[in-house]
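The points below may be read with the sequence and the model at hand.

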Amino acid sequence: MSATASVTVAGVSGVEIAYDRKGAGPPLLLLHGIGHHRQAWDPVIDQLAASRDVISLDFPGFGESPDVPAGVPDELDSLVHGVEAFCAALDLGTPDVAGNSMGGMVALRLGQLGSVRSVTALSPAGFWTSRERAWALNVLTGMRRVALRTPDSTLRRMARTPSGRRVMTGMIYNRPALRSPEAVVAETVAMRASTAFDRVARLGKAGVTFDGDVPDVPVTIAWGTHDRILLPRQAARAHLQLPKARMIPLYACGHVPMNDDPELVARTILNGSAE
């Protein structure tokens with residue numbers, strides 16, 4: 001089932017958030033990273049939906065969600081409050097949440113605020129040094145620049161071959177050949193069309209970090225051992241900051257691990273969810 005919901009973001013009404021919903025059981029919310037869209041979770045949706053009510057959304061200004069109106073502050077909590085309002089609009093209560101990259105940092109902040117039952121963060125942003133932050137954002141900005149300059153006909157031609165998919169997505173996936181040509185084209189187009197990308201990237205470059213612990217809800221932090229965007233050594237920093245969190249290595253997985261090993265990622269999310 002696919003739908004859109006109108007929610008309130010940081011006190012500004014009329015924001016549309018696109019989402020997919022599948023399955024039955026306790027609600028599980030899925031949050032994507034910068035430049036991506038909710039379809040990043042497609043490889044694990046069916047496994048999660050076998051026992052959960054799974055809701056994957058597009059952040060405002062990404063995927064099919066329009067950007068927020070002018071005047072909404074460019075800060076982490078604007079994204080967080082948007083997710084809280086979305087959950088209220090769908091009457092989800094306090095769902096379990098899993099997030100990747102930017103979505104992982106948002107998920108952890110939701111845990112700090114007590115808005116969710118549990119958090120599973122896959123290579124979450126915010127545990128970087130200034131050099132690591134610059135590296136990650138420069139790589140992602142470069143990918144967006146390439147997406148903006150590459151004609152659709154070239155995208156489709158490159159996506160048809162494993163080597164072409166590696167060129168296009170090898171920085172985010174460790175096994176890009178596993179991604180379907182259609183998915184590679186769709187996510188490249190989504191990155192190109194992300195109206196919020198530049199603004200959110202500027203927020204990252206301004207030095208946003210994840211601060212403090214998440215002491216009151218179960219937290220799992222899982223990191224791809226082959227993450228080329230947020231380097232795996234950042235997991236040790238996250239462990240020091242969140243000493244109660246369960247730390248899981250995602251072997252042979254890249255920055256967006258759902259594609260590289262769907263079974264491992266689905267199992268990690270389900271095991272990390274509150275009973």
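Predicted model: local features only at pLDDT ≥ 70, side-chain atom pairs only at ≥ 80, totals over all residues.

1. Is Arg 38 buried or exposed? Arg 38 is buried, as its relative accessible area is 5%.

2. The overall architecture may be taken next. The protein's secondary structure amounts to eleven helices and eight strands. Its radius of gyration is 17 Å, close to the 19 Å that the globule rule gives for 275 residues, and the protein is therefore as compact as a globular protein of that length. The C-alpha trace spans about 45 × 40 × 40 Å along the principal axes.

3. Of the 275 residues, 56% are buried. Among contacts with a separation of 6 or more, 72% are accounted for by residues 24 or more positions apart. The protein exposes about 11200 Å², of which carbon and sulfur atoms supply 54%.

4. The salt bridges deserve attention, and there are 14 of them in the structure. In one of these, Lys 22 is joined to Asp 46, with the closest N and O atoms 2.5 Å apart. Because Lys 22 belongs to strand E2 (residues 12-22) and Asp 46 to helix H1 (residues 42-49), the pair ties together parts that are 24 residues apart in sequence. Lys 22 is partly exposed, at a relative accessible area of 42%, whereas Asp 46 counts as exposed at 52% relative accessibility.

5. Arg 38 takes part in a salt bridge of its own: its side chain meets that of Asp 58, at 2.5 Å from N to O. Asp 58 is found in the loop between strand E4 (53-57) and helix H2 (76-89), while Arg 38 is in the loop between strand E3 (27-31) and H1; the two residues are 20 residues apart, and the pair links distant parts of the chain. Asp 58 counts as buried, with 0% relative accessibility, and Arg 38 is likewise buried, as stated above.

6. A further salt bridge is formed by Glu 132 and Arg 237, whose closest N and O atoms are 2.7 Å apart. This pair also links distant parts of the chain, since Glu 132 lies in helix H4 (residues 130-149) and Arg 237 in helix H9 (residues 234-241), 105 residues apart. Glu 132 counts as buried at 4% relative accessibility, but Arg 237 is partly exposed at 29%. Elsewhere, salt bridges with shared partners join Asp 20, Arg 38, Asp 58 and Glu 64 into one network.

7. How many aromatic pairs does the structure hold? There are two. The rings of Tyr 19 and Phe 86 have centres 5.4 Å apart and planes at 75°, so this pair is edge-to-face. Since Tyr 19 lies in strand E2 and Phe 86 in helix H2, the pair ties together parts that are 67 residues apart in sequence. Tyr 19 is buried with a relative accessible area of 7%, and Phe 86 is buried with one of 0%.

8. Phe 127 and Phe 210 form an aromatic pair that is tilted, at 5.7 Å centre to centre and 50° between the planes. Phe 127 is in the loop between strand E6 (119-122) and H4, and Phe 210 is in the loop between helix H8 (197-205) and strand E7 (219-224); the pair links distant parts of the chain, 83 residues apart. Phe 127 is buried at a relative accessible area of 2%, and Phe 210 is buried at 3%.

9. Just after H8, Gly 207 adopts a positive phi of about 110°.

10. Finally, the cysteines may be considered. The structure holds zero disulfides. Cys 87 counts as buried at 7% relative accessibility, and Cys 253 counts as buried at 0%.

Note on methods
Residues numbered from 1 in each chain as written. Heavy atoms only, no water. Salt bridge = Lys/Arg side-chain N within 4 Å of Asp/Glu carboxyl O. Helix = DSSP H or I, 4+ residues; strand = E, 2+ residues; numbered from the N terminus. Buried < 20%, exposed > 50% of the residue type's maximum accessible area, 1.4 Å probe, protein only. Phe/Tyr/Trp six-rings, centres within 6.5 Å; stacked < 30°, edge-to-face > 60°. Disulfide = S-S within 2.5 Å. Rg over C-alpha atoms; globule rule 2.2 N^0.38 Å. Contact = heavy atoms within 4.5 Å. Areas by Shrake-Rupley, 256 points an atom, 1.4 Å probe, with all protein chains shown as cover.
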